[in-house]
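Please open the structure in a viewer and follow the selections below in order.

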Amino acid sequence: MTVTIKDAAGIEGMRRAGRLASEVLDYLGPFVQAGVSTNELDRLAHDYIVGVQQAIPAPLNYAPGGYAPYPKSICTSVNQVICHGIPNDKPLKRGDIVNIDVTVIKDGWHGDTSRMFVVGATAPAALRLCTITYEAMYKGIERVRPGARLGDIGHAIQQHAEAAGYSVVREFCGHGIGQQFHEEPQVLHYGRPGTGMALQAGMTFTIEPMINQGRREIREMGDGWTIATKDRSLSAQWEHTVLCTESGFEILTLSAGSPPPPSANAGRQA
């Protein structure tokens, strides 16, 4: 699969899909409470995407080679789950952290984003993990510009996470996105500056670091999709879809409820 460079019409399609994906997270936020199951969040998301946005939830029945079809419309990864958590009937409890990952298809274009949510009063160590991961994502995004290398993005993320005492998951990465859910290039969240593919204006891809409180090793659960930390430590992830512009970057997955960019001193005192 080759890298696709989006023209003006494609970029506009990506903007629309990205905004809709982010608006799903805006809508779900008030429902992320103790006692609510992730299955209920999935139902709410599905009905909103299909009924209100007139869009398609990309994860539902998604079946890349070697995988059984994914059975839900969103991914919900709670506490030690790193990614691809399948919604279920277990209620969320106070103190949980949960990543909700949404991808919508609108007029053939994909918008892909995820956020961390905290359920009620949450331990400072868990909040710090979420904050540092958010900062790390932005450290990577800020490296995007024509001529920069993919390794510049990965290095910025890895340096920030590891300086805070965390580890970076290496088995899963960001990816090109457009009229296909997953395109080239792969966007690693670790690496060396000046290495990897050079970025070009018109490229669209996700930056979605998965950062573990403990070691970086993973384990695959029996459902064939859910990935968790091997040492059962907490994990956090944030994701945006990004456009490389002629002069830098544009985040395509922003909406009224998106958290603001981190401040320069965020996360240092937690």
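Select residues 12-246, which the unreviewed UniProt entry annotates as "domain: Peptidase M24"; such annotations may be inferred rather than shown by experiment. The end C-alpha atoms of this span lie 15 Å apart, and the span is 27% helix and 26% strand. Helices (H or I, at least four residues) and strands (E, at least two) are DSSP runs numbered from the N terminus.

This is a predicted model, in which local features need pLDDT of at least 70, side-chain atom pairs count only at pLDDT 80 or more, and totals for chains, interfaces and linings use all residues. Residues are numbered from 1 along each chain as its sequence is written, and side-chain values use heavy atoms, with hydrogens and water left out.

Next, select helix 3 (residues 124-141) and helix 4 (residues 150-163), whose axes come within 8 Å and cross at roughly 155°. Axes are lines fitted to C-alpha atoms, for helices over the stretch in contact, with angles from 0 to 180 degrees between N-to-C directions. Helix 3 is therefore roughly antiparallel to helix 4, a term for angles over 145 degrees.

Display the side chains where the two helices meet. I132, E135, A136, K139 and G140 of helix 3 contact I153, A156, I157, H160 and A161 of helix 4 (heavy atoms within 4.5 Å).

Now turn to the open sheet of three strands, with order 3-12-11 and antiparallel pairing; strands pair if DSSP finds at least two bridges between them. Strand 3 (81-83) and strand 11 (218-220) are the edge strands, each pairing on one side only. Finally, select I218, which stands opposite T229 in strand 12.

Methods: Parallel < 35°, antiparallel > 145°, perpendicular 65-115°, else oblique.
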